[in-house]
Amino acid sequence: MKKTLLFGIVSLLWLSLPVKAQLEKGTKYVAATINFRGTHQAIDYTPSVSANNSKYDAFNLNPSFQYGKFVKENRMIGIGFGTSMAFSKNQSSYAGQDFVYKGNNIAYNLSPYIRHYKSLSPKWAIFLNSSLSLSYIHLRYSSNDEVTKTDGYAAGVYLTPGISYWITPRFALETDLNFLSLSAGYNHMPTSKNVFFNSIVTTNLTSYFAVRASWYLQKN
Amino acid sequence: MKNTYFIIALLILSSSQIVLAQLEGQKFISGTASVNFSNTNSDLQESSNNYGYNFDIGLGKFKTDTRASGWKISTSLAGSKQNFLTYVNGNPINTEKNGINGFGIGVGHFWQFYKHFNEKAGIYAGPEINARYNNSKTYQTTSDGSALGENKINTLTLSAGLSAGLYYKLSQKWWVTANIALSDFVSVDYSHLKSSVESSNNTTAQKTLNYQFSPSFRFPVVGFGVRRFL
């Protein structure tokens, strides 16, 4: 009786211990997320004497992709690619003259990374992401067809923890916990250069956490 | 001895499947309320005050023991008594504005999925959709101080998101709830602002459309609510 019970309890414990086939060597990983927001505004002045109607439009689009492969159990090597795009247009007229101001800003970001996982349960895991981030920034402004172009670059090292939650064995939702991250880097623009070092450890949890859709694709 | 083991085994097994009070079919009403009032009496100026309330009321029903859905209605009202000083040809003139200057009304539908940890506490999470209308009127003196300007803003917001919370059972009838995470992954709002200056015919109309898609969440400032089962 004792033995049976002991065996039963041990087997129950085994069942509750995570068996994470998704984090084994050879598993391929694909993840993506996107966010966008837009503003369209029109201002009408009555009576329109000196200032006429003006318009303002802005659109921001931020897609990002990640691809990775597990090189051993719980360790993934991968690469991330993302862009941040911000477009704005401001039209106004004053004293019979029209003004058009446009801004097109694009940043391309490439970040190779190494990620360590620790599974907590069959559905949950935490990870630590160490990444190198390289960005190329292209800014283009035009004011009444007079164009100004600026190019710059930035590089940084980031250490960010995160959480994964598996909805199905192949599909998971993930988020990076930015309030615990460490980063250092360098920004270079023609008119400014700056070096930054950030360590963010805060209890202010009201910040935003972007959620990423991820697929863990096994060979078999 | 065998009996003791048997009882322990029974306890272990039963603890993993706690028999919860039947929730299926139960209806509940939940709410949060906030009321504010402030009054300022200054020696040099006339007294001013601010007041308002915000009520959120939800009506829901448990479809099964772990699934509930329902409707939410929220209303808010704000008012004040304010004094504005303008100068006409160098002479100060005091204008008093008194009364209701804003109200809001919203309606939403929610779906909640529960995980009961034990007989007393658990968590819930689920999607919700909301529609809200807000109206407000504000005053300020023009930059040269010669007249009083008025802004009227009408805003209509539609949003869809997720929310999650914790509950604790005080008794069979009363629960305390707390929000733990919020997300508005899709939202659209349209606002119309009209500004005018009292002593002139000049008006400005500003129409703004904002939209966003952002699969993200945030932890809010924890807000507590109560729930009463009917």
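These legends go with a set of close-up views of a predicted model.

**View 1. Chain B from end to end.**
This view takes in chain B, where there are one helix and ten strands. Of the 230 residues in chain B, 4% are buried. As for contacts in chain B with a separation of 6 or more, 61% of them involve residues 24 or more positions apart.

**View 2. Strands 2 and 3 of chain B, side by side.**
Strand 2 (residues 48-64) of chain B and strand 3 (residues 67-88) of chain B run antiparallel, with 15 bridges joining them. To get your bearings, pick out B:Asn50 and look across to B:Ser80 in strand 3 of chain B, which stands opposite. The link from strand 2 of chain B to strand 3 of chain B is a hairpin that goes through two residues.

**View 3. Strand 3 of chain B meets strand 4, with B:Asn89 in the turn.**
Here strand 3 of chain B pairs with strand 4 (residues 91-116) of chain B, again in the antiparallel sense, over 22 bridges. A handy pair to find is B:Lys81 and, opposite, B:Asn98 in strand 4 of chain B. These two strands form a hairpin with two residues between them, and B:Asn89 sits in the turn. What is the phi of B:Asn89? It is positive, about 50°, even though B:Asn89 is not a glycine. For background, most residues other than glycine have a negative phi. Is B:Asn89 buried or exposed? B:Asn89 counts as exposed because it has 6 C-beta neighbours inside 10 Å, and the cut-off for exposed is 12 or fewer.

**View 4. Strand 5 of chain B between its two partners.**
On one side, strand 4 of chain B pairs with strand 5 of chain B in the antiparallel sense. That pairing has 13 bridges, and B:Gly104 has B:Asn134 in strand 5 of chain B as its bridge partner.

**View 5. Zooming in on B:Thr141.**
B:Thr141 belongs to strand 5 (residues 121-141) of chain B. Leaving out residues up to four places away in sequence, B:Thr141 touches B:Phe84, B:Thr86 and B:Leu148. How many other C-beta atoms lie within 10 Å of B:Thr141? There are 16, so B:Thr141 comes out as partly exposed. For a sense of scale, B:Thr141 and B:Gly25 are 57 Å apart in space, C-alpha to C-alpha, and 116 residues apart in sequence.

**View 6. The largest nonpolar core, over in chain A.**
Which residues make up the largest nonpolar core? Eleven do, among them A:Leu23, A:Phe70, A:Met76, A:Phe127 and A:Trp166. Strand 1 (28-46) and strand 5 (124-143) of chain A each supply at least two residues of this core. Also one of the core residues is A:Ala31. Setting aside residues up to four places away in sequence, A:Ala31 touches A:Gln66, A:Glu174, A:Arg212, A:Ala213 and A:Ser214.

**View 7. A:Asn144 in its loop.**
Find the loop between strand 5 and strand 6 (146-166) of chain A, and you'll see A:Asn144 there. A:Asn144 isn't a glycine, yet it has a positive phi of about 50°. A:Asn144 is exposed because it has 10 other C-beta atoms within 10 Å.

Chain A has a mean pLDDT of 82, with 84% of its residues at 70 or more. Confidence in chain A is highest in strand 2 (residues 54-72) of chain A, at 93, and lowest in helix 1 (residues 2-16) of chain A, at a mean of 48. Over residues 9-19 of chain A the pLDDT is below 50, and this stretch has five contacts in the model beyond near neighbours in sequence.

Conventions
Residues are numbered from 1 along each chain as its sequence is written. Chains are lettered from A and ligands numbered from 1 in the order in which they are written. This is a predicted model: local features need pLDDT of at least 70, side-chain atom pairs count only at pLDDT 80 or more; totals for chains, interfaces and linings use all residues. Helices (H or I, at least four residues) and strands (E, at least two) are DSSP runs, numbered from the N terminus. A residue is buried if 20 or more other C-beta atoms lie within 10 Å of its own, exposed if 12 or fewer, and partly exposed in between; C-beta atoms are placed from the backbone. Two residues are in contact if their C-beta atoms, placed from the backbone, lie within 7 Å. Two strands pair if DSSP finds at least two bridges between them. pLDDT is the predictor's confidence in each residue, from 0 to 100. A nonpolar core is a set of buried Ala, Val, Leu, Ile, Met, Phe, Trp, Tyr and Cys residues joined through C-beta atoms within 7 Å.
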